[in-house]
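Here is a note for a colleague who is starting to read protein models. Please keep the sequence and the picture open while going through the points.

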Amino acid sequence: LERGKRYPYTPEEKRVLKNLVSIDLPNVPTGGNFTESFDASFTWADLEWVRSVSSMPVIMKGIQTAEDAKRCVESGVDALIVSNHGGFAGQGVRGTAEVLPEVVDAVGDSIEVYVDGGVRRGTDVLKALSIGAKAVLIGRPMLWGLLADGEAGVKRVLEILWDELNVAMG
């Protein structure tokens, strides 16, 4: 919230979220309407609409509590992502490693749990998997690799994480 005001992100007018172009939706986000395109009034009841316009699995991101994790299961969500939205987390938001155990306990084996945020080393991957995550998302390190050396940089980041994970498991 505060960061968004200090450092607002607005994509260029010519940029469009290409994965949404073929869907008949009002206000597909573009550089001109990016901020206005997001409706903060989205509720659990809106999941029914999401399912009506797509046969793709529904994965809910931003889960921070056992209560919301249970709600995901009740609402028929296919998987969830424990996340505090990285650099855009609000002040006082708990870290994903702190939240992950209660979310995993809350859903048991009913749906898969992924974690996004804070993964920088292979040991971070091992910890998340050991707690019960089925996978980790590694956005920031991937971007660092991409910026440093393009595709080769991304491959190198993955190799480093894989090697560190293997050593930690050994």
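In which sense do strand 3 and strand 4 pair, and over how many bridges? Strand 3 (residues 112-116) pairs with strand 4 in the parallel sense, over three bridges. Val 115 is placed opposite Val 136 of strand 4.

1. Basis of the note. This is a predicted model, in which local features need pLDDT of at least 70 and side-chain atom pairs count only at pLDDT 80 or more, while totals for chains, interfaces and linings use all residues. Residues are numbered from 1 along each chain as its sequence is written, and side-chain values use heavy atoms, with hydrogens and water left out.

2. Overall make-up. The protein has six helices and four strands. Helices (H or I, at least four residues) and strands (E, at least two) are DSSP runs, numbered from the N terminus. Along the sequence the pattern is α-α-β-α-β-α-β-α-β-α. Of the 170 residues, 28% are buried. Buried means under 20% relative accessible area, exposed means over 50%, and partly exposed lies in between, with a 1.4 Å probe and protein chains only. Contact means heavy atoms within 4.5 Å. Among contacts between residues at least 6 apart in sequence, 42% join residues at least 24 apart.

3. The four strands form an open sheet in the order 1-2-3-4, with parallel pairing. Two strands count as paired if DSSP finds at least two bridges between them. Strand 1 (59-63) and strand 4 (135-137) are at the edges with a single partner strand each, so one side of each has no neighbour in the sheet. From one strand to the next, the twist averages 25 degrees. Strand 1 and strand 2 pair in the parallel sense over four bridges, and Ile 59 has Ala 79 in strand 2 as its bridge partner.

4. Strand 2. Is this strand buried or exposed? Five of the five residues of strand 2 are buried, so the strand is largely enclosed by the rest of the structure. In a regular strand, side chains alternate between the two faces of the sheet. In strand 2, Ala 79, Ile 81 and Ser 83 are on one side and Leu 80 and Val 82 on the other, and all are buried.

5. Helix 3. Helix 3 (residues 66-74) lies across strand 1 and strand 2 (79-83), and runs at about 170 degrees to strand 1. Axes are lines fitted to C-alpha atoms, for helices over the stretch in contact, and angles run from 0 to 180 degrees between N-to-C directions. The axes of helix 3 and helix 4 come within 8 Å and cross at roughly 35 degrees. Ala 66, Ala 69, Lys 70 and Val 73 of helix 3 make the contact with Glu 102, Val 103, Ala 106 and Val 107 of helix 4. By class, this contact of helix 3 with helix 4 has six nonpolar, no polar and two charged residues. Here Ala, Val, Leu, Ile, Met, Phe, Trp, Tyr, Cys and Pro count as nonpolar, Asp, Glu, Lys and Arg as charged, and the others, Gly among them, as polar.

6. Thr 96 is in helix 4 (residues 96-107). At 8% relative accessibility, Thr 96 counts as buried. Leaving out residues up to four places away in sequence, Thr 96 touches Val 82, Ser 83, Asn 84, Val 115, Asp 116 and Gly 117. Leu 100 also belongs to helix 4, and is buried at 1% relative accessibility. Beyond its neighbours within four places in sequence, the contacts of Leu 100 are Val 82, Val 113, Val 115, Ala 128, Ile 131 and Ala 133. Leu 100 and Ala 128 are 28 residues apart in sequence, and their C-alpha atoms are 7.8 Å apart.

7. Helix 5 and helix 6. Helix 5 (residues 122-131) packs on helix 6 (residues 139-169) at an angle of about 60 degrees, with the axes 7 Å apart. The two helices, helix 5 and helix 6, are therefore oblique to each other. Angles under 35 degrees count as roughly parallel, over 145 as roughly antiparallel, 65 to 115 as roughly perpendicular and the rest as oblique. Gly 122, Thr 123, Val 125 and Leu 126 of helix 5 meet Leu 161, Glu 164, Leu 165, Ala 168 and Met 169 of helix 6. The residues of this contact of helix 5 with helix 6 divide into six nonpolar, two polar and one charged.
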